[in-house]
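Please consult the sequence and the structure alongside the text.

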Amino acid sequence: MITKNDNAPDTLPGRFQARFGRLLEPYIYLSPALVLIALVMFIPLIIGISFSFQKYSLISASGPEWIGFANFEKLYGDRRFWNAARNTLFWTVCSVVLQFSLGLGLALLLNRPFFGRRIVQALILLPWAVPGFLTGLTWAWLFNPIIGPISHWMFALGLFSQPDSLLADPQYAMWGPIVANVWYGIPCFGVTLLAALQSIPDELYEAGAMDGASAWQSFTKITLPFLAPMIAITVLLRTIWVANFADLVFIMTGGGPANSTQILPNYIFTTAFRKLDFGYAAAISVALLVLLFIYAGILLHMRRTLVKV
Amino acid sequence: MAKIELQNVAKSYAALEIMSDLSLTIEHGEFVVLVGPSGCGKSTLLRMIAGLESITKGDLYIDSDRINDKAPRDRDIAMVFQSYALYPHMDVARNMGFSLEIRKEDKALKTDRVQRIADKLGLDTFLDRLPKALSGGQRQRVAMGRAIVRDPKAFLFDEPLSNLDASLRVGMRLEIARLHRELGATMVYVTHDQVEAMTLADRIVVMNLGNIEQVGTPIELYETPANLFVANFIGSPNMNLFEGAFRDGSVVISSDNPVSLPDYDLPAQAVHFGIRPEHIRLAEGDRADCTGLVEVVERLGSDTIVYANVDGWGIVVVRLNGTADTQIGDSIGLHFDRAQVRLFDADGKAIAHAGQSPTRQ
Ligand SMILES: Nc1ncnc2c1ncn2[C@@H]1O[C@H](COP(=O)(O)OP(=O)(O)OP(=O)(O)O)[C@@H](O)[C@H]1O
Ligand SMILES: [Mg+2]
């Protein structure tokens, strides 16, 4: 600039003030949001993490006291924790993989023109709108051999020697909540992937067809690369969500039989609100948080290597 | 190379009929340009040849194979889209070699082909770039390269140059002409640009409302349009057309100054009188067929386009060579070159005159 701003104070401290003010300005506008986020997210998070370094149990006579890493040492030797961690991994991987593949299939089906497509597209969201608690209850009943049909079907198919509840079998009980969770979560994947599919220009498929691509080739070489960034982000979000999702297991099996369906969020919940041991529950939560952080880091790094279009 | 044959082809979208009965034969190695007003079905026709659009009725043959029901991938035809439709997630080399990748061709052969064609199109330094990092002209060339690499039986172009600026367009036009000469492949080309159509085409197909109005070499269409539509559509500025009546060897447009046409031997009838702007000369006194008042003068450097208002006729457009000194407000006498006058009957069909063979429809 050649022209001189008359309003700008010429003295050194004055100029410093002006520059400082300019730097500060955006943060002043942002401050209401920042304050709100701090209040509802960071402060509880920090308090929660601080619990994990305390002996904080409502049933012990003494008040909270700082005990350093003692909770984590106990965690390391806790067989129930490792069991729950394994179960969480199984639950999360199976749920997300099935939700994703079926959701992608659903999205591909809904992306083809057919009569009544709009209505189906709207209806498909319904499972997502059902409260998790109700989903769990309904599926628990479906698996119940007295009032539900599923056990009898499995028996008729020769999968069971007698129409027992799947949920009562320690070896397979986890599949009950997983099935319910897949049913519950397909629409979420279906709808987000459908939106991404619809953003791929038809012309690219036409160009692909002219270049000689078969349906499968245009899926792997055009559709998938386009969806990849979206897939990465939805899988990430769903994984975190499913790993923290306690409702279905809690209602359908309560972690049983014999802890075979105990997953970390349930373990945290029972530790905190049944045993009233907040310190130890906080330590488990922190462990889960760290695992999810690592996972998110890996996935976000992978996403950065994908081509953005 | 391939011969493409359309026989009594019709196209409807549900109840909406776009094309009722269209037949056209495109010979081996021919360059055919489709022109016509917007919405007349040029793209639809091209897409039907490509297989991207189904054919409602009629037959499509390539080299006497009926291919109505063949998928695009089995037709061995390449298409260059108006928007290029490059794969945005692949670099230029992969875009160009995609058809070979699909056919699982040998990698060395693929690289070699892509490299050779990229050299030819001046793309060799862009091979590892993504399409978004290219200019419009470069993208256009990649799209052409992608089509050429395959060595297809025929090329289809849907307004490939319409997104380029004028000077780039001229360059690419020459490029396409050169490609056609070198490859000798059958090409079908849709354009809105008169110059592209006139310069590139072996034959031009003029379409209107899903029908073919006339097929012919550029000069045939220009000199002997088969009907009013073609006369009006081909040529820029447009042919001058006036309604009038033929009587006693002359065309009467307004009550005074009849234009005598000794070449025509017709009964009295209503006619359309047509003459191209370059076939009108300035004339004085008796030599003038009519006089007009100059309303607009466009000086293009090479030509001067004069718009003169003739009483009872309307605007007459005159193209004069070089920079004429005609001024707005001048009163000018106009003389029509009799050999270049075209008459059309009341239905708009061309009327042949003595010494001229009837035009092909
Ligand atoms: N999917 C469709 N459904 C219904 N009508 C369509 C469809 N696609 C095209 N049309 C109609 O078909 C006619 C021909 O369209 P087409 O795209 O072939 O025109 P065009 O000659 O290529 O025009 P332009 O020069 O503007 O590209 C138009 O009237 C258009 O409205
Ligand atoms: Mg078009």
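Over the ring of which residue does the charged end of Arg146(B) sit? The ring is that of Tyr87(B), and the charged end of Arg146(B) lies 4.9 Å from its centre. The model is a predicted one, and the points below are grouped by topic.

**Charges over rings**

- In chain B, the charged end of Arg146(B) is placed over Tyr87(B).
- Lys11(B) likewise has its charged end over a ring, that of Tyr13(B), at 4.9 Å from the ring centre.

**Aromatic pairs**

- Over all chains, the count of aromatic pairs comes to 30.
- One of these is the stacked pair of Phe16(A) and Phe20(A), with 6.2 Å from centre to centre and 15° between the planes.
- Both Phe16(A) and Phe20(A) belong to helix α1 (residues 12–51) of chain A, where they are 4 residues apart, about one turn of the helix.
- Phe16(A) counts as exposed because its relative accessibility is 56%, while Phe20(A), with a relative accessible area of 47%, is partly exposed.
- Trp313(B) and Phe336(B) have ring centres 5.7 Å apart and planes at 20°, and therefore count as stacked.
- This pair links distant parts of the chain, 23 residues apart: Trp313(B) is in the loop between β17 (303–310) and β18 (314–321) of chain B, and Phe336(B) is in strand β19 (residues 331–336) of chain B.
- Trp313(B) and Phe336(B) are both buried.
- A cluster linked by ring pairs consists of Phe51(A), Tyr56(A), Phe250(A), Phe269(A), Phe273(A) and Phe278(A).

**Packing of α8(A) and α10(A)**

- Helix α8 (residues 175–198) and helix α10 (residues 215–243), both of chain A, have axes that come within 10 Å and cross at roughly 145°.
- The crossing of α8(A) and α10(A) is right-handed.
- On the α8(A) side, the residues making the contact include Tyr184(A), Cys188(A), Phe189(A) and Leu193(A).
- On the α10(A) side, they include Leu227(A), Met230(A), Ile231(A), Arg238(A) and Trp241(A).
- By class, this contact comprises 12 nonpolar, 5 polar and 1 charged residues.

- Thr135(A) is located in helix α6 (residues 132–143) of chain A.
- Thr135(A) counts as buried because its relative accessibility is 1%.
- Apart from neighbours within four places in sequence, Thr135(A) is in contact with Val130(A), Ala180(A), Trp183(A), Tyr184(A) and Leu248(A).

Note on methods: Residues are numbered from 1 along each chain as its sequence is written. Chains are lettered from A and ligands numbered from 1 in the order in which they are written. This is a predicted model: local features need pLDDT of at least 70, side-chain atom pairs count only at pLDDT 80 or more; totals for chains, interfaces and linings use all residues. Side-chain values use heavy atoms; hydrogens and water are left out. Rings of Phe, Tyr and Trp (its six-membered ring) pair if their centres lie within 6.5 Å; planes under 30 degrees apart count as stacked, over 60 as edge-to-face and the rest as tilted. Helices (H or I, at least four residues) and strands (E, at least two) are DSSP runs, numbered from the N terminus. Buried means under 20% relative accessible area, exposed over 50%, partly exposed in between (1.4 Å probe, protein chains only). A charge sits over a ring if NZ of Lys or CZ of Arg is within 6 Å of the ring centre and within 35 degrees of the ring normal. Axes are lines fitted to C-alpha atoms, for helices over the stretch in contact, and angles run from 0 to 180 degrees between N-to-C directions. A crossing is left-handed if the near helix is turned anticlockwise from the far one by less than a right angle, and right-handed if clockwise. Contact means heavy atoms within 4.5 Å. Ala, Val, Leu, Ile, Met, Phe, Trp, Tyr, Cys and Pro count as nonpolar, Asp, Glu, Lys and Arg as charged, and the others, Gly among them, as polar.
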